[in-house]
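Student: I am new to this structure. Could you take me through it by question and answer?

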Amino acid sequence: MKSKIMIAAMALLVGVLSACEKRDYLLGLPEYDHHYYIAYVPYTNAQVTVNKNQAALLKFPVSFNSSFTRSYDAVAQYVLTPATIAGTGAAVLGADFNVVDKNGAVINPVNGKYSIVFPKAEKARDTIYIKLLNNQVPGARSVNIDLIENVTSEYRVDTMSVAFRRPLRIN
């Protein structure tokens, strides 16, 4: 019995040691040197539910993932898309909520897109702010705040499928 256990242990050890392979992996590929990712923190597409009379700004932190410092500023973008929450009506920009800066000043989109600038394309965190307007229309309302891809001639800011959407339900 001992010899069978010993043989099995030696076979396992030989298998583990021989499975190790020494390879030289490249640290990065040049085509990805100017490719960055943005995602919500925490890294989920989880729904946020709030009361319409909430006075405090809603804060949606985002993470800009980069390993470099560049001569340009990278711009991430986001849009408001129709609600996907069952049993709710569409939340209306300017009636139910506004997109604002950290001081509460309204931000207007350019061609339907909002921007977050990351100076020198360095790894950082920033925040999307939403101000609720206490609309008295009855029933729950919702909207999605979606991070989107931004491709320029200098760089590409991409999204992560597990953290690109923040569904907002306003009760």
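Student: How do the residues lining the largest cavity divide into nonpolar, polar and charged?
Tutor: This is a predicted model: local features need pLDDT of at least 70, side-chain atom pairs count only at pLDDT 80 or more, and totals for chains, interfaces and linings use all residues. Residues are numbered from 1 along each chain as its sequence is written, and side-chain values use heavy atoms, without hydrogens and water. Ala, Val, Leu, Ile, Met, Phe, Trp, Tyr, Cys and Pro count as nonpolar, Asp, Glu, Lys and Arg as charged, and the others, Gly among them, as polar. The lining, which includes K52, D96 and R141, splits into 4 nonpolar, 3 polar and 3 charged.

Student: Which residues touch the most other members of the largest nonpolar core?
Tutor: Such a core is a set of buried (under 20% relative accessible area, 1.4 Å probe, protein chains only) Ala, Val, Leu, Ile, Met, Phe, Trp, Tyr and Cys residues joined through side-chain atoms within 4.5 Å. It has 32 residues here, and those touching the most others are I128, I130 and L168.

Student: Which strands stand at the edges of the open sheet of 6 strands?
Tutor: Strands are DSSP runs of E, at least two residues, numbered from the N terminus. They pair if DSSP finds at least two bridges between them. The order is 6-8-3-1-11-10, with mixed pairing. Each edge strand has a single partner, so one side is left without a neighbour in the sheet: these are strand 6 and strand 10.

Student: Which residue of strand 8 stands opposite K59?
Tutor: Strand 3 and strand 8 pair in the antiparallel sense over 7 bridges. Opposite K59 stands Y129.

Conventions:
1 Å grid on protein atoms, 1.4 Å probe; cavity = no way out; pocket = protein on both sides within 12 Å on 5 of 7 lines; lining within 4 Å. Buried < 20%, exposed > 50% of the residue type's maximum accessible area, 1.4 Å probe, protein only. Helix = DSSP H or I, 4+ residues; strand = E, 2+ residues; numbered from the N terminus.
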